[in-house]
Amino acid sequence: MISFSSKISRQQIVAYVSVRFSGGSSPYVFSNKTEHGYNKDPSNLFWEYGQETGFGARLHDLRHKFAIERLREGLSIYRVQQYIGHGSVLTTERYYLRYLTQAQQDKVKSDGNNGFR
């Protein structure tokens, strides 16, 4: 789970990214050209930048964070399933309902299928 209240703050990450990419070599956050000309996967680049900054999260963790926050806001489990691309709502339930209270779980499952299954 990503938390900006840990060792490093959001402001520090923004400052790092600003300095890291101020050289004008690329307008993108995940510029993937290496000194050898090979391309790197964005998730590897995210991990490397995280190690440099002390952020300590994987790119995939952002996916989990997104799903959990949408469920905590009360979005339907079926809608979140569609947003993150699970083939079955059971997969979404297995991975994300454990982070919710029983009341939150009841709410996200209460609207039924609504065509998102």
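This is a predicted model: local features need pLDDT of at least 70, side-chain atom pairs count only at pLDDT 80 or more; totals for chains, interfaces and linings use all residues.
Residues are numbered from 1 along each chain as its sequence is written, and side-chain values use heavy atoms, with hydrogens and water left out.

The protein contains six helices and zero strands, where helices (H or I, at least four residues) and strands (E, at least two) are DSSP runs numbered from the N terminus. Read from the N terminus on, the order of elements is α-α-α-α-α-α. Of the 117 residues, 27% count as buried, a term applied under 20% relative accessible area, with exposed meaning over 50% and partly exposed the range in between (1.4 Å probe, protein chains only). Among contacts (heavy atoms within 4.5 Å) between residues at least 6 apart in sequence, 46% join residues at least 24 apart.

Two packed helices are described by the angle between their axes and the distance between the axes. For helix 4 (residues 77-84) and helix 5 (residues 89-96), the angle is about 95° and the axes lie 9 Å apart, the axes being lines fitted to C-alpha atoms over the stretch in contact and the angles running from 0 to 180 degrees between N-to-C directions. The two helices are therefore roughly perpendicular to each other, given that angles of 65 to 115 degrees are so classed, those under 35 as roughly parallel, those over 145 as roughly antiparallel and the rest as oblique. Helix 4 contributes Ile77, Tyr78, Val80, Gln81 and Ile84 to the contact, and helix 5 contributes Val89, Thr92, Glu93 and Tyr96. These residues divide into six nonpolar, two polar and one charged, with Ala, Val, Leu, Ile, Met, Phe, Trp, Tyr, Cys and Pro counted as nonpolar, Asp, Glu, Lys and Arg as charged, and the others, Gly among them, as polar.

Within helix 4, the residues Ile77, Tyr78, Val80, Gln81 and Ile84 are buried. They lie on the same side of helix 4, because they cover an arc of only 160° around the axis, the arc being that of the directions from the helix axis to the C-beta atoms. An α-helix has 3.6 residues a turn, so residues three or four places apart point the same way. The cover over the buried residues of helix 4 includes helix 3 (59-72), helix 5 and helix 6 (102-109). At the start of helix 4, the backbone nitrogen of tyrosine 78 has a side-chain oxygen of serine 76 within 3.0 Å, while just after the helix glycine 85 adopts a positive phi of about 85°.

In helix 6, glutamine 105 is buried at 15% relative accessibility and, leaving aside its neighbours within four places in sequence, is in contact with Leu97 and Leu100. Aspartate 106, also located in helix 6, is partly exposed, with a relative accessible area of 43%, and its C-alpha atom is separated by 9.7 Å from that of glycine 74, 32 residues apart along the chain. Serine 110, in the segment after helix 6, counts as exposed at 56% relative accessibility; the side chain of serine 110 reaches the backbone oxygen of lysine 107 at 2.8 Å, and the C-alpha atoms of serine 110 and isoleucine 77, 33 residues apart along the chain, are separated by 9.1 Å.

In the loop between helix 2 (42-53) and helix 3, alanine 57 is buried at 5% relative accessibility. Between alanine 57 and tryptophan 47, ten residues apart in sequence, the C-alpha to C-alpha separation is 6.8 Å.

Technical notes. A polar contact is a pair of N or O atoms within 3.5 Å; within protein, one must be able to donate a hydrogen and the other to accept it, and residues adjacent in sequence count only if both atoms are side-chain atoms.
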